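Hi,

Here is the structure I promised to pass on. Have a look at it first, and my notes follow below.

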Amino acid sequence: MLKTATAIFLGLATSFTFFLLSPAPKSTFHSLYTSASLSDNTSIAHHLYTLTRRPHVAGSEANADAAAYVLSVFTSVNIKSHIASYEVSLTYPAHRSLSLTRPPPEPPTTFSLRQEIYDGDPYADVSDQVQPTFHAYAKSGTVSAPVAYVNYGRVEDYVTLKEMGVNVSGTVVLAKYGEIYRGHIVKNAYEAGAIGALVYTDRKDYGGGGGDTRWFPDDKWMPPSGVQVGTVYNGLGDPTTPGWASTGDCERLSEEEVEKGGDVPLIPSLPISAADGETILRSIGGHVAKEDWQGSKDAPTYRVGPGPGIVNLSYTGKQIIGTIQNVIGVIEGAEEPDRFVILGNHRDAWTFGAADPNSGTAALLQIAERLGKMQKEGWKPRRTIVLCNWDAEEYGLLGSTEWVEENREMLASRAVAYLNVDCAVAGPGFHASATPQLDELLKRATQEVRDPDNPSQSLYDSWVGSSNSPLIGRLGDGGSDFAAFVQHVGIPATAMFFGGGYPVYHSMYDDFIWMQKFGDPMFHRHVAVASVWGLVALWLADEEFLPYNYLSYARELQTYTKDLKVEISDKNISLTPLFKSIEELQKAAATVINQRKAIEERKGWASIWNKDHLKVRELNDRLMMAERAFTDQDGLSQRSWYKHLIYGPSKHNDYESKSFPGINDAIEEAKYVNTAEAWHLVQHEVWRVSRAVRHASLILNGELT
């Protein structure tokens, strides 16, 4: 009894001493974080200039040098840092050729497949370090066949062609970039019977519309010789280690096993320029393409073929097991070091990468510098902040996915949130995406940051515009490094950027000059991204209660389910279990809010006596773990790596985010085969989602059944 009384007295005395000696409130440091003294556009421009002096594709010496630079910046501001390396499958072009044969008397054309430097190009001396234009993981092979024009290469485009009586089987298809992921362009071509695929950047979409439009370096548009390179791999992570990390002498699939897995292409492909695409289009006859398939005003009339033009496409890839390097910086939490707030951006680029991705890398480095200065002033985060600079994202999110797969269990039990920025700046206009419980936090952060293009208003004001609320996207697509965190483990996440799509994407013209002239001349947008990104991280790391709002999540799920009801209203599918589980989630979310208020109302000695610090921790754990409940260990049907049942990528476009992806896949299949069994599988998927939502409610309630 005496020991117990003594322990209580010592605990109270320690707590009282803590109150007397507590440092400046965290909010003081948060204000410092966004102050003019720490928001430096000069340093952020310097970082971008340094990172983009040379092309730095994954696996190259230049990219290793860029990793060393990131590491040096982290360590210079006293952030404990290290390199996490993986040995992964990478591909590079060994040989490429493309020629076009037209009916006599037209002579054959052999394409140079080169992006041209321009007069006065400051990067001309390193242009030979740019990889020849290619598709990563493309199938090696040589094919010769009549060419058919297939618009954007979407499933619906092939339906249109079939309705026109056009058969693309045995052809080489010519598709435009712009609407779907390039890997699905090639996959859709294969499934339609094509034997090869060419993908080009149409002037109407990337070149400013043709006519007398100027292009880079005189304007922002893609030059006629510009080529968008990229991966055509339809999976995530190293193709040879699906589901486990590529560490050292680990187990690996053979090339044959990888091919059987269905995520690498089975026909050869090449990306080509607008100029080369237009030359090929002039050789195609047959039906005139639909009006919305046509090009710019001065372009030739687009016809669908096939032929009479015949293309000879040859590609040989070189596959290696190469080293990639993630740079990891850690600021350990003072009170909850076992809770992680993770910020991530990738470093590797297809060429110079000024917009994609190193505008984001420059912002990450400024965040590191700001946090380093705050540490000198006495700030310590409550929870651990982890800064991650990923490698080999461009190949298929390799660096982040391997890291998540290696640390899966620890992340599942300790990660508070993942905050991603890929291409931070490509022009004006702020955009953000999130899992819904973080919506309000994003809004709050943008209210604290000035609009870089109109300092008289907040970024929130310009983001909202004339609507009542900003449009916040969701994180179901596979377009960046949030995918493994959200879709594989179930970690709350955000993503943000200025500008969206930009014309010189993935070409050799995405360099510092383009950014300085057209993307962000004063680098104020870069600074704004660093401010919003860092503020969200600071609030998640420092606030006593995790700033989540699951009422937002419940409202989103309700909207999705109502839309689903309209889509399948005549199919005898019951959505009652889903509506019921969402109602339970709404009640659980409201209960958590009330429990938080009750703890907040008790301050001082009463709070200590009631051990409220333990109750805060327990409540935060419920908020943190609820997102995990939306995952299912079996994953999506035929896509088992994707575990999240609320958000995932479209089956036919990795760039498109889908709500209820398993239900959507099942509906698509049922509409195609239209059997009772197929529609029964739709009902099964509805039940799966209902169970997941109910599990989230149970976690938020925090009590066993």
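Let's start with Glu-335, which counts as partly exposed at 44% relative accessibility (partly exposed is between buried, under 20% relative accessible area, and exposed, over 50%, using a 1.4 Å probe and protein chains only). Before going on: this is a predicted model, where local features need pLDDT of at least 70, side-chain atom pairs count only at pLDDT 80 or more, and totals for chains, interfaces and linings use all residues. Residues are numbered from 1 along each chain as its sequence is written, and side-chain values use heavy atoms, leaving out hydrogens and water.

Glu-335 forms a salt bridge with Arg-382, with the closest N and O atoms 3.2 Å apart (a salt bridge being a side-chain nitrogen of Lys or Arg within 4 Å of a carboxyl oxygen of Asp or Glu). Glu-335 sits in the loop between β9 and β10 and Arg-382 in the loop between α10 and β11, so the pair ties together parts that are 47 residues apart in sequence. Helices (H or I, at least four residues) and strands (E, at least two) are DSSP runs, numbered from the N terminus. Arg-382 is buried, at 15%.

How many salt bridges does a search of the whole structure find? It finds 31.

Glu-583 and Lys-587 form another, at 3.8 Å between the closest N and O atoms. They are four residues apart in helix α19, which means about one helical turn separates them. Lys-587 is exposed, at 55%.

Finally, Phe-29, His-30 and Tyr-33 are buried in helix α2.

Cheers
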